[in-house]
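This briefing covers the fold of one chain and the contacts made with its partner chain. The topics are taken in turn after the structure.

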Amino acid sequence: MQNLQLLFQAPVFNVQLFLDGLFIGAIFALAAFGMALVWGVMNIINVAQGEFVMLGGFITLLVVQAGLSPLLGIPAAALALFVLGWLLYRLVIWRIVDGDMFISLLATFGISIMMQQLMNEIFGADVRTAESGLGVWYLFDGMVTVTQIKVAAFALSIVIGLLLWLFLKNARLGQAIRATAQNARAARILGVDTDRVYAATYAINAALCGAAGALVVMAWSIHPYMGLPYTLRSFMIVIIAGLGNLAGVIAAGLGLGVAEQFAGFLLGAEFQLAFVFLLLVAVLVGRQISLARKRQYLK
Amino acid sequence: MSTRTAGIIAYAALFAIGLFGPWLFPAHLSQFSKLWLFMVLALSWDLLGGQTGYNSFGNIMFFGIGMYASAVLQVGLIYPVADYTAAKGGGTEFVFSAQQIYAGLALGVPFGGLVAMLAAVVFGALLLGMRGHYFAIATLGLAVATAELAAGWDYIGAGSGMIAPPLPNDIDGTRLFYYLSFALAMLTIAFLAWLYATRFRLAINAIRDDEDKAEALGHYTVRNKMAAWAISALFTGLAGAIYGNLSRFIDPHDIAFNAEVGVWMILMAILGGMGTLWGPVIGAIVFFISKELFWTYLLGWQRVALGALIVVIVVFFPEGIVGWVKNRWPRLFAPPTEEDSPRQPDNGGEAAHA
């Protein structure tokens with residue numbers, strides 16, 4: 001508990017942790033938004049979510065290796081992942097859309113294992129990062145350091161989330177996606193090509209994660225086996241916020257990011273992931289207990 | 001031939017092959033020990049997944065808990081565990097006599113199973129109220145959390161893991177653990193065959209088919225679910241305890257709480273046929289052989305092949321081998337009718353039919 005005392009003696013550490021938490025939390029919110037989209041529209045929990053983030057990061061690394069600015073990696077990763085998502089839908093996902101959710105969990109888990117190993121073979125297991133070329137801000141006499149790329153990543157992920165929200169609200173395809181989420185059968189009767197909507201939804205989710213991954217590799221770091229924590233975080237955020245609640249997703253994402261930073265500082269970095277996973281279980285158990293009072297259950 | 005006779009014949013055949021295993025395949029003995037243990041994992045996963053309808057993605061935690069609990073007891077009977085793990089198990093001062101080793105094994109392995117069972121009761125009280133994918137993700141979260149906790153806990157060696165006590169030099173450890181694994185697999189099959197012949201199976205199948213109706217009918221669904229998970233955890237924990245001694249090196253992420261192995265057990269059950277006794281056995285054999293082939297011939301790309309295999313199995317072949325055979329030749333599995341039975345009732349037969 002030495003670290004706890006430190007937080008009280010030097011309150012400026014709180015600021016550092018809080019800011020770091022907010023910055024990473026926006027990324028979590030972005031990935032969670034994609035998961036909520038796929039979950040709500042297609043009734044699939046995409047376990048490969050974290051792997052899409054990782055792939056976006058590696059594509060940005062390729063862009064950097066080609067001598068281009070890493071900021072170009074964001075559209076490049078989004079585009080590449082959009083194509084990959086569409087291909088995956090046409091190959092595998094369309095067969096499991098109407099099926100048991102258990103099957104979709106396992107199938108996407110299989111996809112995630114494949115991607116992990118593929119990236120491990122191609123890029124190696126090292127922790128990688130892309131240099132953004134942006135500077136660092138020092139606040140409070142240098143006690144708090146804020147890398148500008150983290151601020152940029154934060155702003156960009158909010159912008160991307162809002163763009164997607166506007167797309168879902170106003171664009172023709174976005175409206176078709178929301179109609180399918182409400183009632184797929186009715187949408188089909190009214191002339192919506194639900195198969196195409198599903199493909200677009202899955203591809204948009206992949207693109208979203210790809211963009212998030214591009215931000216992660218610039219502001220933090222990536223490696224081939226980073227996926228599962230991102231998937232579980234997304235899942236947790238979606239459970240807390242509920243499906244189709246953008247403001248809730250952002251709030252839960254930022255809150256999770258901050259909570260994780262503080263937990264990592266207080267408990268030690270080696271327990272940070274354990275904290276995340278236990279928090280997931282605690283959230284689920286808490287929801288379950290409150291529902292059980294009303295003779296309902298998590299389903 | 002009824003399914004019961006076929007089952008007995010299959011069990012006898014498996015028993016014979018297993019018993020003479022060390023002479024049939026001496027070069028691959030430790031692989032075959034793992035096969036027996038994987039069979040136990042698939043069978044015990046299926047008790048909750050296939051029979052009760054609760055798809056746990058986290059049964060691997062019982063494997064790891066059993067492994068660590070056994071190793072801690074085996075060491076802790078003789079030396080302080082913290083000193084032992086601090087020396088990374090390599091210290092020369094930690095000498096075990098033959099008696100201490102056998103006593104440790106005899107106590108440690110059942111202890112591992114019991115601790116895992118206890119964990120299942122505790123977690124079951126918290127998690128078994130959830131259904132479907134919520135239960136699946138909650139168990140997955142719990143399993144990876146246990147892995148992280150084990151990797152951060154210095155008492156059991158933290159990230160660098162723990163080393164199980166060595167065997168006496170004059171003992172062929174591979175063969176000893178082969179027979180232990182084999183015995184556990186045979187025990188599991190026999191126990192589950194008995195369990196699936198009781199009313200308990202009907203009760204848990206009712207939960208799988210419609211839990212609300214089962215509850216409305218007055219079944220103690222919570223008690224039955226907990227019992228199913230506890231039995232499942234007991235066997236998984238026993239398998240973990242033996243596996244830890246077999247591999248000797250216990251690593252939190254790669255061996256004890258490997259989430260991927262947690263998915264393998266599901267896959268073995270699906271591949272063979274969920275909700276059947278022999279499905280997981282057949283699935284374990286087929287899966288294990290293909291896994292060993294991947295690891296031998298596709299090294300580096302083995303997980304790519306494995307991931308593709310997972311996708312293909314769950315998307316195209318979800319009913320499994322036994323399920324496929326059942327659909328193809330349903331008459332083989334039909335309950336015996338009067339036409340099949342050799343003894344015809346000499347009176348009242350028509351009346352019963354009318």
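In chain A, 76% of the contacts with a separation of 6 or more are between residues 24 or more positions apart. The model is predicted. Of the 299 residues in chain A, 52% are buried.

**Secondary structure**

- Chain A contains 12 helices and two strands.
- Their order along the sequence is α-α-α-α-α-β-β-α-α-α-α-α-α-α.

**Overall dimensions**

- The C-alpha trace of chain A spans about 65 × 55 × 35 Å along its principal axes.

**Interface with chain B**

- The interface brings 37 residues of chain A into contact with 36 residues of chain B.
- On the chain A side, the elements that contribute two or more residues are helix H4 (73-96), helix H5 (101-123), helix H10 (227-241) and helix H12 (272-293).
- H5(A) provides the largest share of that side, with 15 residues.
- By residue class, the side of chain A that touches chain B consists of 29 nonpolar, four polar and four charged residues.

Terms used. Residues are numbered from 1 along each chain as its sequence is written. Chains are lettered from A and ligands numbered from 1 in the order in which they are written. This is a predicted model: local features need pLDDT of at least 70, side-chain atom pairs count only at pLDDT 80 or more; totals for chains, interfaces and linings use all residues. Two residues are in contact if their C-beta atoms, placed from the backbone, lie within 7 Å. Helices (H or I, at least four residues) and strands (E, at least two) are DSSP runs, numbered from the N terminus. Ala, Val, Leu, Ile, Met, Phe, Trp, Tyr, Cys and Pro count as nonpolar, Asp, Glu, Lys and Arg as charged, and the others, Gly among them, as polar. A residue is buried if 20 or more other C-beta atoms lie within 10 Å of its own, exposed if 12 or fewer, and partly exposed in between; C-beta atoms are placed from the backbone.
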